[in-house]
Amino acid sequence: MEFISVYLNLFPVSLAQGAVYAFVALGVMIPFRVLSLPDLTSEGTFPLGGAVLATLLAAGYNPVLGLVVAILAGVVAGGATAIIHLLLKIPSLLAGIIVLTMLFSINIRIMGKPNTALFDFDTIFTQLLNADGGAPLSQFALLMVIILLVCGALFWFLHTEIGVALRSVGANQMMSRAQGLATGWYIVGGLGLAGALSAFGGAVMAQYQSYADVTMGAGVLIIGLAATILGEAIVGNKNLARQIAAPVVGALIYFQVVALALALGLRPSDLRLLTGIFVLCTLAAPLIARRLARSG
Amino acid sequence: MSNNHRTAVAVEGVQRTFHPGTVQEKRALRGIDFELEPGDFAVVIGSNGAGKSTLLNALAGEISVDSGHISVDGIQIQSWPTHRRARLVSRVFQDPMMGTAAALTIEENLSIARRRGHRRNLRLSIRNDDRRVFRERLAPLGLGLENRLTDRVDLLSGGQRQSLTLIMATLNQPRLLLLDEHTAALDPRAAELVMNATTQTVEEHHTTTLMVTHNMNHAITFGNRLLMIHEGRVIFNAGAEEKSKLTASGLVDRFHDAVSDRMVLN
């Protein structure tokens, strides 16, 4: 049973990986689920966060400052998508593609080159764990603490007056306007929040893998979406706590499934095909179920 | 003129043309004029395409006007966006699904309405005092919604959702309440319940109200004013005394007279 030993070897690393991707999964969940506004900008804000953090670390700044600036950059990028969508009346998907395309150039400008290695610099992992960045399981534990703090903050925010108003805008724009909400500003803020989470995820990723690369965002949207759907299938989304937990649980499970697939001998390059097929199946499932119900 | 004596709502020369200069050009509002006194409950009737919905949307801010003035409590609002008007104007939609946020709980929906016209901040949206107010307002409906504050709104029936929308529209008293055929999509029992709740709150708070309806019995029974709209104009504006004498058949005759007079004049 070589497969089991290979999987067990991969297990700690894939746990930590799942935790790293939980942030961007939250950043994907917010537009799709809270705002009901599909948005792809995370493919650009994820590397943006990595690029900003890497540049600041390489310039000798503290990783915490790097994370804060990465969050701010993500807010601006996410907000930009919203403003393009609202002012020019461009569908949100297209607005996001435009922004993530432009971010590719911006991210290279920020770093001055397509990638930045961080092996020689302090990260949150070297500062909080040990000099070599810690073992995968301690990295996982540290990330889970940060994830719980982020989820707690998100849960609180979405219960404040502004947070409930944001969810209301996502649920029903006409009603929200009639209740005095300037829906445009809430959409800018909501996509800004999503951008912050994705950029934070990218900044954590850059520290986790000790380098930032301008292409590191390719495929994160579909991973985030797969994680959200998978998580919702497991914990549900009937209330806000479950909706927030879903992308986190989903990201953790997703990378276990990935580890299993790799242990079974699949190539890493096959994973996107599998992820795409998984998302397609979950999107098609309700339709197929309805057809079966009608014919049966 | 609208500032001197206490006029609650003044609509003067409001015009709106859709798709101007094209083959689909439609002059939906061709100069609407009327005034409402504080506490007036005006019923708006008219055939399909007469401009009733456009008028309501123009008052709410969903549709901008080409010319004319709309003032509420002496404040001109015709250039304000919908969310700004929400301080003065509230609305119950025809579609029971439109007035509430399905994915939010009953109390979250009510908390949104409770902050209408106020600045929203980072305090928790629902506090204990809010729950007491929500229960007090929901209980008279007799639907048991006061015991279901944490249920999501998508669990409610159309009549329950429309009742909730009505409470949301009147939780903070508006200066003008707009009712857009708000019982038309309900079954007769739910329609009666919502209509009773409407008259109760409107009478209790002397809310200035504009109600669009296709139901001639409602048009006769409810309200103290009646506006008949045809081809984008008010063709019959009945005051309290005149309205109290109207009958459903009289109203239909009145409509045909007005329309045929107009055709002769044209």
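**Close-up 1. B:Ile45 faces B:Met228 of strand S9(B).** In this predicted model, local features require pLDDT of at least 70 and side-chain atom pairs pLDDT 80 or more, whereas totals for chains, interfaces and linings use all residues. Residues are numbered from 1 along each chain as its sequence is written, with chains lettered from A and ligands numbered from 1 in the order in which they are written. Strand S3 (residues 41-45) of chain B pairs with S9(B) in the parallel sense over four bridges; pairing requires at least two bridges found by DSSP between the strands. Strands (E, at least two residues) and helices (H or I, at least four) are DSSP runs numbered from the N terminus. Because five of the six residues of S9(B) (residues 225-230) are buried, the strand is largely enclosed by the rest of the structure. Here a residue is buried if 20 or more other C-beta atoms lie within 10 Å of its own, exposed if 12 or fewer do, and partly exposed in between, with C-beta atoms placed from the backbone.

**Close-up 2. S9(B) and S10(B) form a hairpin with two residues between the strands.** S10(B) (residues 233-238) pairs with S9(B) in the antiparallel sense over five bridges. Opposite B:Leu226 stands B:Ala238, and B:Leu227 has B:Asn237 as its bridge partner. Within the hairpin, B:Glu231 adopts a positive phi near 45 degrees.

**Close-up 3. Six strands of chain B make an open sheet with mixed pairing.** The strand order is S6-S7-S8-S3-S9-S10. S6(B) (89-92) and S10(B) stand at the edges with a single partner strand each, so one side of each lacks a neighbour in the sheet. From one strand to the next, the twist averages 20 degrees. Helix H1 (residues 52-60) of chain B packs on the sheet, touching S3, S6, S7 (176-180), S8 (209-212) and S9 of chain B, and its direction makes about 145 degrees with that of S7(B). Angles run from 0 to 180 degrees between N-to-C directions, and axes are lines fitted to C-alpha atoms, for helices over the stretch in contact. Helix H5 (residues 158-171) of chain B lies across S6 and S7 of chain B, at about 175 degrees to S6(B).

**Close-up 4. Helices H1 and H11 of chain A pack with their axes 5 Å apart.** H1(A) spans residues 2-34 and H11(A) residues 240-263, and the angle between them is about 145 degrees. The residues of their contact comprise 25 nonpolar, six polar and one charged. Ala, Val, Leu, Ile, Met, Phe, Trp, Tyr, Cys and Pro count as nonpolar, Asp, Glu, Lys and Arg as charged, and the others, Gly among them, as polar.

**Close-up 5. Chain A meets chain B through 18 residues of chain A and 27 of chain B.** Residues are in contact if their C-beta atoms, placed from the backbone, lie within 7 Å. H7(A) (161-171) and H8(A) (173-178) each supply at least two residues of the chain A side; H7(A) gives the most, with seven residues. By class, this side has nine nonpolar, six polar and three charged residues.

**Close-up 6. A:Leu53 touches residues that include A:Gly66, A:Leu67 and A:Ala203.** These contacts exclude residues up to four places away in sequence. Together with A:Ala25 and A:Phe200, A:Leu53 touches the most other members of the largest nonpolar core, which has 153 residues. Such a core is a set of buried Ala, Val, Leu, Ile, Met, Phe, Trp, Tyr and Cys residues joined through C-beta atoms within 7 Å. Helix H9 (residues 183-209) of chain A provides the largest share, 15 residues.

How values were computed:
Contact = placed C-beta atoms within 7 Å.
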